[in-house]
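I opened this model to look up how its chain is packed, and I kept these entries in the order in which I went through it.

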Amino acid sequence: MAGWKRRPPTGRILHGGGAASGLCRGHDMGSGCKEPAGSESGSRDAKMLPAALVAWTAVLLVHTLLAPQFAKGKGGTQTEPTLLPALAVFLLFLLIRSARPGLRCQCILLVCVALLAALGAAGEEVSVIGDPVYRQAVAGPVTVRVQAKATSPMTASERFGWDCRFRARLEDILSGAVRSPSRSAIRVYARGPACSVVQGGRYRLSGRLLRSTFGRDPLWLEVAAGGRGAGTGGGGGQGVEVLEGPSGPERAVEIMRQCFLIVARRLDDQGQVLVPGLTMGVLGQEGVVAGGKIDGFLPCLHGGAGPGGSRDGGQGGIHGLSEGVDPAYAARLKEDFKRSGILHLMAVSGGHFLLVGAMADRLLRALQVGKVWRGLAQACLCLGLASLMYPSDSVVRAALMGLVGALALARGRPNQSLNALSWTVLLVLLLAPGMATSYGFALSSSAVLGITLLADGWGRRMRGFLPTCVIGPLSTSLAAQVATLPVQVLMNPQIPLFSLAANLLVTPFVDLSTMIGLAGLLTAWLWPDLGFVCAWGAGRGTKIMEVCARWLGGGPVSVLAWPSGLAGAGCVILCEAAIWIALIGATRLLRLEDRAGGDPSPTIAGGGEVASDGRTGSWRGSEECGQGYRMPLWVVFSGRVKEAWQSLGAAVFEPACHARGDGGELDGGP
């Protein structure tokens with residue numbers, strides 16, 4: 001060990017361990033004391049980010065190149081997927097030859113990741129096309145009888161003439177006298193008594209099978225009109241026959257959801273629409289309350305026959321709104337939320353998991369529970385909360401990131417958001433390549449990426465201008481919107497002009513309303529009156545959100561029309577890049593002017609003067625940091641604002657002073 005020399009400690013955490021000490025002890029790393037070479041910021045560990053981006057790009061390219069061929073019925077041949085390895089080998093050869101020796105290993109790993117993701121996406125496309133169900137649907141709509149397992153709860157149908165919809169995974173299909181196994185995912189549409197399916201149950205469905213015209217599911221099944229049979233020997237005319245009920249936990253989750261929807265129907269109009277959305281991720285008009293009993297258990301004894309009770313005598317499914325709520329009002333309220341830029345509040349994402357996890361961790365710390373048990377508790381909470389929410393791609397992203405954070409906590413390492421996001425995206429795309437085309441997954445991931453990379457830096461630069469209570473919400477909202485705006489334009493070619501203001505106004509009420517709503521979700525099945533009180537409390541917060549959405553999103557100038565498609569997203573990226581370059585240019589111009597001019601230096605809040613060369617007199621030549629302090633942009637702007645205010649005061653009051661003959665002094669002195 002004679003030739004080994006220990007590296008001096010730094011203020012950064014190296015690979016998740018260590019403590020703040022050494023060269024930059026006592027100083028803020030963001031205020032001029034730069035980290036020494038070789039250290040690493042755990043919160044900005046971006047080693048896995050290129051792999052996640054490469055995998056996403058590869059999957060999108062495969063879907064873009066192969067999906068049109070498969071849509072034309074040419075997916076039976078395997079010529080297109082076999083070209084992918086040859087293309088990957090060619091790209092690998094080019095990268096290895098062109099890359100520097102130190103980067104060749106990274107290039108090889110990235111190409112391997114791209115190849116693995118591309119092969120997974122191509123395999124998924126081939127498996128869908130090769131399924132016998134898809135081959136029958138390509139020829140045209142066909143009447144079939146299938147056996148399937150429900151993989152999602154019922155929601156209101158977006159197609160005219162159908163009451164509800166749910167997703168299912170096929171097990172086999174009977175067409176005529178031929179029975180074939182299948183593992184395809186389908187979307188089932190039903191009406192009337194058939195809208196009483198429970199997530200996790202196995203059913204025999206009879207109806208018309210056809211190819212989908214929109215959405216991620218390749219097939220639709222329109223269930224024939226008819227009652228709901230029980231057992232395997234139900235009548236052949238039944239549209240839905242129960243083969244096996246859901247498991248105990250799945251039944252309990254469905255009961256809790258149904259009871260909360262029933263309790264929410266006793267609220268005012270906006271509460272019926274928004275409280276279920278803020279709590280579970282489904283708007284009131286999109287939720288479906290099963291009529292009658294769920295496998296022999298009455299969901300909610302009190303409140304089930306409240307205002308606007310069951311419309312079908314308890315035999316089928318009903319929407320989550322009472323009779324007194326106008327569907328046009330619910331649709332207009334959703335549109336106002338979309339135009340004001342706060343519709344994301346009605347979708348469950350990382351906020352629910354962060355709130356519940358933080359409260360649980362604080363409680364366990366107070367009880368002096370070890371890190372391993374705290375990590376296990378965090379993982380259990382993530383899984384339980386994800387099962388209670390209505391399934392969505394953003395819930396999948398948030399739950400997986402929560403599990404990664406729980407694993408880091410159990411191992412005694414700090415949670416690294418960027419690293420956790422990269423691993424989550426990479427695992428999801430390798431296991432389920434179809435998620436690459438999901439807008440919900442893209443919005444959730446891009447929002448987390450923007451907040452992780454931009455929010456802290458922008459917050460530090462706002463400290464000289466805004467109050468502390470505003471900096472956090474403003475920097476977070478601005479970073480998330482900058483990162484998600486290209487994806488939003490792909491979904492809807494318009495830009496909400498007051499999105500930032502709306503998010504700032506509703507942010508103080510979101511967390512509290514969410515926690516109260518979750519309390520109502522957990523208690524409504526056992527104590528409906530307490531559940532209603534909690535839902536009413538959450539409705540007070542959603543009332544403020546409704547007012548903000550109506551004011552900021554209901555006007556004719558609340559949105560800006562924008563080009564659609566990839567061209568519109570590209571324009572957004574170019575505009576954001578232009579604004580970024582303009583801000584950087586303005587910063588450098590101001591600093592050059594301050595260096596060239598001889599104006600007195602403005603003072604800073606921490607004491608000392610800001611010299612004309614952009615360095616503070618009191619911190620210049622810090623022995624611990626080994627370098628000077630460069631004047632930040634917000635200090636320059638604060639000095640300029642002060643000068644402009646003094647000039648404005650002189651221009652307004654000096655003529656009045658001259659008129660009084662007091663020498664023109666602003667304070668009236670001699």
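**Entry 1: the chain as a whole**

I began with burial, and found that 43% of the 670 residues in the protein chain are buried; I keep in mind throughout that this is a predicted model. For the secondary structure I noted 17 helices and 13 strands in the protein chain. I then looked up the accessible surface, which comes to about 34,000 Å², with 64% of that surface belonging to carbon and sulfur atoms. Turning to contacts between residues at least 6 apart in sequence, I recorded that 69% of them join residues at least 24 apart.

The largest nonpolar core here has 32 residues, and the members that touch the most others are Met154, Phe166, Val188, Tyr203, Leu205, Leu209 and Leu221. I listed the elements that give two or more residues to this core, and they include helix H4 (132–138) as well as several strands, among them E1 (142–150), E3 (164–175), E5 (185–190) and E6 (202–211). Strand E3 supplies the largest share of the core, five residues.

I picked out Leu221 and asked which residues it is in contact with, leaving aside its neighbours within four places in sequence. The list holds Val144, Val146, Ile186, Arg187, Val188, Tyr189, Leu205, Gly207, Arg208 and Leu209. I also found a second, separate core of 30 residues, which includes Cys259, Ala264, Val275 and Met280.

**Entry 2: Cys195**

Next I located Cys195, which lies in the loop between E5 and E6. Is Cys195 buried or exposed? Its relative accessibility is 1%, and since buried means under 20%, Cys195 counts as buried. I also noted that Cys195 and Val289 are 94 residues apart in sequence, while their C-alpha atoms are 8.8 Å apart in space.

**Entry 3: helices H8 and H14**

On the H8 side the contact is made by His352, Leu355, Val356 and Met359, and on the H14 side by Asp511, Thr514, Met515 and Leu518. Sorted by class, this contact of H8 with H14 has five nonpolar, two polar and one charged residues.

Conventions:
Residues are numbered from 1 along each chain as its sequence is written. This is a predicted model: local features need pLDDT of at least 70, side-chain atom pairs count only at pLDDT 80 or more; totals for chains, interfaces and linings use all residues. Side-chain values use heavy atoms; hydrogens and water are left out. A nonpolar core is a set of buried Ala, Val, Leu, Ile, Met, Phe, Trp, Tyr and Cys residues joined through side-chain atoms within 4.5 Å. Buried means under 20% relative accessible area, exposed over 50%, partly exposed in between (1.4 Å probe, protein chains only). Helices (H or I, at least four residues) and strands (E, at least two) are DSSP runs, numbered from the N terminus. Contact means heavy atoms within 4.5 Å. Accessible areas come from the Shrake-Rupley method with a 1.4 Å probe; for residues, only the protein chains shown count as cover. Ala, Val, Leu, Ile, Met, Phe, Trp, Tyr, Cys and Pro count as nonpolar, Asp, Glu, Lys and Arg as charged, and the others, Gly among them, as polar.
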